[in-house]
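Dear colleague,

I am handing over the structure we spoke about, with its sequence, and my notes on what was found follow below. Please read them with the structure open beside you.

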Amino acid sequence: NSYNRNFAKRADGNPNTHSFVTSPEMVVALAFGGTLEFNPMTDAIPTPSGGEFRFSAPFGDELPSRGFDRGQETFQAPPADSGDVD
C-alpha cells in the first residue's frame, strides 16, 4: 500500500497485519505485475496479444523548483460551545 505509516493494526485493527510502505507508483506497478516479486525496472507483463509490456523509468522533478504552493488558509477553529455539535 501507499500509506505513510508502517505499523501493526494500521489497516484493519488486527495486530498480525503489517503495512509495508512504498510509493503510489510502486503500488500501481506491483498491482499490474500481480506479485510482490515483480520488478518494474526489469520485468515485463504479458499482453493479451502475446507481446509484453515494460514500464518506462520514472522521470521528473522530485520537488517543485519554486517550492510548494501554500494555498489558502482553511483552518476553522472548533466552536467555543460544542453543545450543539452532533
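Of the contacts in the protein with a separation of 6 or more, what percentage is accounted for by residues 24 or more positions apart? The share is 5%, for contacts at that separation of 6 or more, where a contact means heavy atoms within 4.5 Å. Please keep in mind that this is a predicted model, in which local features need pLDDT of at least 70 and side-chain atom pairs count only at pLDDT 80 or more, while totals for chains, interfaces and linings use all residues. Residues are numbered from 1 along each chain as its sequence is written, and side-chain values use heavy atoms, with hydrogens and water left out.

Of the 86 residues, 7% count as buried, where buried means under 20% relative accessible area, exposed over 50% and partly exposed in between, with a 1.4 Å probe and protein chains only.

The largest pocket holds about 260 Å³ of space, and its lining is made up of S23, E25, M26, V28, A29, P40, M41, F55, S56 and P58. A pocket here is an open set of points on a 1 Å grid over the protein atoms alone, where a 1.4 Å probe fits, with protein on both sides within 12 Å along at least five of seven lines, and lining residues have an atom within 4 Å of a point. The lining divides into seven nonpolar, two polar and one charged residue, with Asp, Glu, Lys and Arg counting as charged, Ala, Val, Leu, Ile, Met, Phe, Trp, Tyr, Cys and Pro as nonpolar, and the others as polar. E25, which belongs to helix α1 (residues 24-33), is exposed at 58% relative accessible area, and its C-alpha lies 9.1 Å from that of P58, although 33 residues separate E25 and P58 in sequence.

The structure holds one salt bridge, meaning a side-chain nitrogen of Lys or Arg within 4 Å of a carboxyl oxygen of Asp or Glu. E52 forms this salt bridge with R54, their closest N and O atoms being 3.2 Å apart. E52 is exposed at 52% relative accessibility, whereas R54, at 45%, is partly exposed.

With best wishes

Key. Helix = DSSP H or I, 4+ residues; strand = E, 2+ residues; numbered from the N terminus. Points joined across faces, edges and corners; volume = space filled by probe spheres on them.
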